[in-house]
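Reader: Can you walk me through this fold? Start with the terms, please.

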Amino acid sequence: MPKRLYAVDALFPPGAPVADAEKLTAIATAAVHAGRGHVLETSHVLFPNEALTLVLILAESHLSIHTWPEEDLISIDLFSCGAIDGDAVVASLVSALSLENVSIQQVQRGIAPA
């Protein structure tokens with residue numbers, strides 16, 4: 001089964017709901033659904049400077065989102081295995097959050113059989 005890490009770094013615009021855990025969770029959940037994935041659990045931490053870390057445990061692995069409001073920076077990691085369309089998940093997040101200066105790296109994970 002193919003395993004892939006999508007590492008996304010971007011800038012978020014003023015007004016993006018990146019410090020609102022409820023809204024960001026809804027956007028992230030919708031993005032997972034857009035990729036035909038399944039959210040099993042969610043957890044978040046909102047820090048005093050309004051930075052937010054959100055983690056969604058998926059049937060297909062996990063999605064994590066970290067924000068740095070002092071830099072307008074958001075980092076998204078999607079580790080996928082199974083039948084999830086990672087490109088669709090990332091595209092949905094980029095669109096819904098109106099992200100700018102988006103950098104996406106994809107890394108194949110796992111060890112090839114000997």
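Author: Two strands pair if DSSP finds at least two bridges between them. Strands (E, at least two residues) and helices (H or I, at least four) are DSSP runs, numbered from the N terminus. This is a predicted model: local features need pLDDT of at least 70, side-chain atom pairs count only at pLDDT 80 or more, and totals for chains, interfaces and linings use all residues. Residues are numbered from 1 along each chain as its sequence is written, and side-chain values use heavy atoms, with hydrogens and water left out.

Reader: Good. Which residue in S4 is the bridge partner of Leu56?

Author: Leu63. Strands S3 (residues 52-58) and S4 (residues 61-68) run antiparallel, joined by six bridges. The hairpin between S3 and S4 has two residues.

Reader: And in S5, what is the bridge partner of Leu63?

Author: Leu78. Thr67 has Ile74 as its partner in S5. Eight bridges join S4 to S5 (residues 73-81), again antiparallel.

Reader: Which residue takes a positive phi in the hairpin of S4 and S5?

Author: Asp72, near 55 degrees. That hairpin has four residues between the strands.

Reader: Zoom out. What is the strand order in the open sheet?

Author: S2-S3-S4-S5-S1-S6, six strands with antiparallel pairing. S2 (39-46) and S6 (100-109) are the edge strands, each pairing on one side only.

Reader: Now helices. Where does H1 lie?

Author: H1 (residues 21-34) lies across S2, S3 and S4, at about 35 degrees to S3. Axes are lines fitted to C-alpha atoms, for helices over the stretch in contact (heavy atoms within 4.5 Å). Angles run from 0 to 180 degrees between N-to-C directions.
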